[in-house]
Amino acid sequence: MKLINAIFIIMFALFNTAQSQELILEEHFDGNQLNEAIWNYELGDGCPDLCGWGNNERQIYAKENVEVKDGKLVLTAKYDGTTYTSGKINTKETIEFQYGTIEVRAKLPIGKGVWPAIWMLGNDISEVGWPSSGEIDIMEYVGKNPHEIHTTLHTPDSHGQSINTQVTTIETIEDGFHVYKCQWTKDFIKFYIDGVLVYTFSPEVKDDSTWPFDKPFYLLLNLAVGGNFGGPEVDDSIFPQEFSIDYVKVFKN
């Protein structure tokens with residue numbers, strides 16, 4: 001009887017959690033083109049205001065490097081012998097939310113120089129700048145360090161440095177698709193890989209310096225090349241490389 005009661009309590013708690021969240025985005029990338037009612041393209045190299053997008057990245061973002069095909073979103077990094085191109089999209093001003101759960105199923109590119117990311121920025125970045133806006137890095141991978149997934153929070157307190165971070169080593173992370181999830185509340189931010197909790201961020205003191213996360217954020221998906229984190233060396237023989245996303249789900253608390 002005690003076991004039955006315990007199971008009931010657990011199921012009731014899970015049901016209440018699910019009921020308390022509103023599904024605001026479920027994108028399976030059906031069809032053959034990007035849904036521009038949800039996704040915005042980010043194009044160019046960041047110049048003149050943020051050349052190399054602030055990280056000395058090598059790629060130029062272009063629309064043709066963003067494809068929807070075979071039920072997947074595919075961001076492709078290419079090199080033509082002179083220029084690196086790639087893809088980047090976001091949900092700024094379309095899907096923005098404060099607190100929730102973000103889940104993305106994706107397959108990584110590989111090779112020295114690739115830097116795919118699933119991440120979020122505060123929607124006030126144009127007004128307050130970075131890192132005051134806050135940044136939630138759900139998944140970053142750099143091909144020069146195989147098998148490692150980085151989950152990181154950027155805050156004014158960290159001055160843009162990766163001090164609030166966790167590196168998780170998974171030997172098979174390059175094989176097939178994996179699920180990257182972030183659970184964000186007013187009290188904590190938790191990160192999961194394939195359902196396994198890998199990092200919890202919950203500073204004791206939560207103020208504008210340590211916790212710029214009590215406001216709406218938007219989602220970004222991109223595949224960078226080189227840069228301060230992904231480089232500096234790039235193996236030109238690896239291109240083209242694809243960052244493939246099966247689905248994106250966002251539940252708002």
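Student: How many helices and strands does the secondary structure of the protein come to?

Tutor: The protein has three helices and 18 strands. Both are DSSP runs numbered from the N terminus: helices are H or I with at least four residues, and strands are E with at least two. Before we go on, note that this is a predicted model, where local features need pLDDT of at least 70, side-chain atom pairs count only at pLDDT 80 or more, and totals for chains, interfaces and linings use all residues. Residues are numbered from 1 along each chain as its sequence is written, and side-chain values use heavy atoms, with hydrogens and water left out.

Student: Thanks! What radius of gyration does the protein have, and what would a compact globule have?

Tutor: The radius is taken over C-alpha atoms, and the globule rule is 2.2 Å times the number of residues to the power 0.38. For 253 residues the rule gives a value near 18 Å, and the protein agrees, with 18 Å. Along its principal axes, the C-alpha trace spans about 70 × 40 × 35 Å.

Student: What share of the residues counts as buried?

Tutor: Buried means under 20% relative accessible area, exposed means over 50%, and partly exposed is in between (1.4 Å probe, protein chains only). Here 49% of the 253 residues are buried. One example is Cys-182, with a relative accessible area of 0%.

Student: Which cysteines does a disulfide join?

Tutor: In general, a disulfide is a covalent bond between the sulfur atoms of two cysteines. In this model, a pair of cysteine sulfur atoms within 2.5 Å is called a disulfide. The count is one: Cys-47 is joined to Cys-51, with 1.9 Å from S to S.

Student: Why is the disulfide of Cys-47 and Cys-51 right-handed?

Tutor: Look at the torsion about the S-S bond: it is about 135 degrees, so the disulfide is right-handed.

Student: Where are the cis peptide bonds at Pro-48 and Pro-131?

Tutor: Most residues other than glycine have a negative phi, and most peptide bonds are trans. Cys-47 and Pro-48 are joined by a cis bond with omega of about 5 degrees, so you meet Cys-47 again here, as a partner in the disulfide. Pro-48 sits in the loop between β2 (40–41) and β3 (60–61). The bond from Trp-130 to Pro-131 is also cis, and its omega is near 15 degrees. Pro-131 belongs to the loop between α2 (125–128) and β11 (135–140).

Student: What is phi of Glu-93 and of His-147?

Tutor: Glu-93 has a positive phi near 70 degrees, while that of His-147 is positive too, near 75 degrees. You will find Glu-93 in the loop between β7 (88–90) and β8 (96–97), exposed at 68% relative accessibility. His-147 lies in the loop between β11 and β12 (148–154) and is partly exposed, at 25%.

Student: Which residues does Glu-96 touch?

Tutor: Contact means heavy atoms within 4.5 Å. Glu-96 is in strand β8 and is partly exposed, with a relative accessible area of 26%. Leaving aside residues up to four places away in sequence, Glu-96 touches Thr-91, Asn-123, Pro-216, Phe-217 and Tyr-218.

Student: What share of contacts in the protein comes from residues 24 or more positions apart?

Tutor: Among contacts with a separation of 6 or more, those residues account for 70%.
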